[in-house]
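Here's a quick tour of a model, with the cut-offs spelled out as we go. Have the viewer open alongside.

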Amino acid sequence: MTRSRTKLTQARIVLGIAVLAFATFSVLVPDFLSAGNVSRLLQNVSILGILAMGMALSIIGRGIDLSMVASMAVSVAWMLAEMNAGASFAHAFGLALVFSIAVGVINGVLIAYVEIPPIFATLAMGTAIYGFGRVFLLASDVNYLPDDWQWLNMIATAAPLGIPVSVLCFAAVCGLAHLFLRGTREGRYIHMMGDNPQAARITGVPIRPMIVGQYVLTSLVALVAGLLMAALVATMNTRIVGSTYVYDIILVAVLGGISLSGGRGGAGSVIVGTLLIGILLNGMTMMNLGYTTQNVIKALILLAALTIDSLVNPRDEQTSQQGDI
Amino acid sequence: MKIITKLVAAAALCIAGVAGPAGAQDASPSSGFYNALKGKKIGFVPIAMGFNETQAWRTAMERQAAALGYEIIVRDPNWSIEAGIQAINSLIEEKPDLLIIENIDNRSYNRMVQKSIAAGILTVQTQQRSEIPSDAYMGPDWNEMGRNAVEGMVQACGKESGKNGKVAIIQGALTAPASLLQMAGIDEALKDHPEITVVSNQAADWDATKAYQIATTVLQQNPDICGIVGFWDVADAGIASAVKEANLQGKVAVITSGSGARESACDKIAAGDFSYYTSYNTAGQGRDLNAIIRTLLQTMPEPGSKPFDLVSPLIRINKDNMTPSSCWSLEELAQIGG
């Protein structure tokens, strides 16, 4: 928390690059600036943004949740499977909710009480969740939204006042996270824990229960993202667990200035990181650049952002001593 | 040893041949058919269990195995090449009579296929053809799948449709042979159709959410587009969602392909999500696999000596020609499959 408001923080550097990318695409790509495209651009990264916000909640408290994608996929796929088997929405949703909370509690207990480092605890949990789901809960990888529930798809693809529902969800999640982190005692505790756990404990922060709470929150945000994803494309394919999606999520969070050593950043960082990725993906797809070319450009711009940050904000005593994770 | 086994087999065949005409009044299959299959062990290493194709094959194969009294051992590597190689290795150690390998691409399992054949195991490859011949290959001709997609494009957007001929292609994973070969088939067939212009060609990594995102961007940029071609129905549900969201259902054709499972194919064709569907009919593939098993275990060729292909016949489905039997479900397969 040593960076002053006027300083060129990582979030501001990334915002600058985002503005630059936006301006470049506006010149290069016809129609890029149209209102419709800007709303599509936001819509396409909303789910990623929501997940990154959930991840940020863990990372700010000096944790990380690698089981997030598994938790999202399995809880929502189970919900769809139950709906297909004839369960009511409330029943199916209730099961998914209980599942998400249980995952968060187990993660939290493993990290806070058993004292397994978060990266290992959640890595193992991710595999365990997927395995448990595939063995006990789900008959197949791909689960479809039943016909009777297509109205969920209608809601998810609606755009009241021209703003897509997924963008509204992203805004709501970020707004709530911001209020939580800045406006509540627990939110400030998370920052304190991330900044210096020992000091936080001495000053009376109930560290262990807070850690459990933090992972439950992350898991619940994953459920929100999963519901939106399933409603948007009318399916949930649990194969996503084996993809590199979780790294995209961490990247978006870290890009905007959520330090992996904890204690830094907030909802604004996630929004900025999400915007940059969204602009890049949208612009390059409109230019019809190839998949590999897109990945290379994306990676180079991300490295540039991190390099500029490293030059402008050299590592301080604390981070150089404890490392990033 | 091999020679002795062969001689014994040949002698047995001679005796059967001599004995044949005597029992000619009896038209039921020879006991040789049942004996050839009874008590046999068949190993099956899919890419992963839990999706349409592999579940359908397994259901069909297990139905026949139960009826004829042999065993199917399934080892699920869950999309991992390393785990797949381990699974094949351990199966080779267990010496099954026949080993069915679903190739993850056209290369990764080549050495394992050779090893299995060298170990004297009848070896079958499915879905993805590799350059290494084994006893049989069963799967679609991906190039034909691509040419077929162009047929769908021409129907929806060609000269006679009166449309502008603008299409977008959303591929699978760029490095997957299934995607590469389909794209090659599309490029080849498009040479005869200069009226079709590809305005965007992207890859969605077989993922519905990515396909949705690319499709929304493409539709935003080209609202007058005539059709979008996808490479796998499960992912292309995302394209259908994007088209619906843009209120362009019925105006923008969605051309896709896949296993022909009712949920992912016919239900979506009926709902107007997909306009043209090429099915390699996994139910039929299950029957093909069973036929390969019956044939190889009866004829027992020297492993790898007489390779043959069973290319899956394709079914073209649209709203007009669709019948209740155009697609299949696992429940039906458990009852009538294979």
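## Around A215(B)

Skipping its neighbours within four places in sequence, A215(B) is in contact with I170(B), I228(B), G238(B), I239(B), A242(B) and V243(B). Contact here is a C-beta criterion: two residues qualify if those atoms, placed from the backbone, lie within 7 Å.

A quick word on provenance: this is a predicted model, where local features need pLDDT of at least 70, side-chain atom pairs count only at pLDDT 80 or more, and totals for chains, interfaces and linings use all residues. Residues are numbered from 1 along each chain as its sequence is written, while chains are lettered from A and ligands numbered from 1 in the order in which they are written.

## The nonpolar core

A215(B) also turns up in the largest nonpolar core, which has 210 residues; A215(B), I228(B), I249(A), A253(A) and L276(A) touch the most other members. Such a core is a set of buried Ala, Val, Leu, Ile, Met, Phe, Trp, Tyr and Cys residues joined through C-beta atoms within 7 Å. Buried means 20 or more other C-beta atoms within 10 Å of a residue's own, exposed means 12 or fewer, and partly exposed is in between, with C-beta atoms placed from the backbone.

The top contributor is helix α10 (residues 207-233) of chain A, with 17 residues. Helices (H or I, at least four residues) and strands (E, at least two) are DSSP runs, numbered from the N terminus.

## Where the chains meet

On the A side, 28 residues are in contact with 26 residues of chain B. Elements of chain A giving two or more residues to that side include α2 (35-60), α12 (267-286) and α13 (291-312). The largest share, six residues, belongs to α2(A).

## Two helices side by side

Helix α3 (residues 68-84) of chain A packs against helix α5 (residues 118-137) of chain A at about 15°, axes 9 Å apart. Axes are lines fitted to C-alpha atoms, for helices over the stretch in contact, and angles run from 0 to 180 degrees between N-to-C directions.

R62(A) sits in the loop between α2 and α3 of chain A and is buried, with 23 other C-beta atoms within 10 Å. N247(B), in the loop between α9 (233-245) and β9 (253-258) of chain B, is exposed, with 9.
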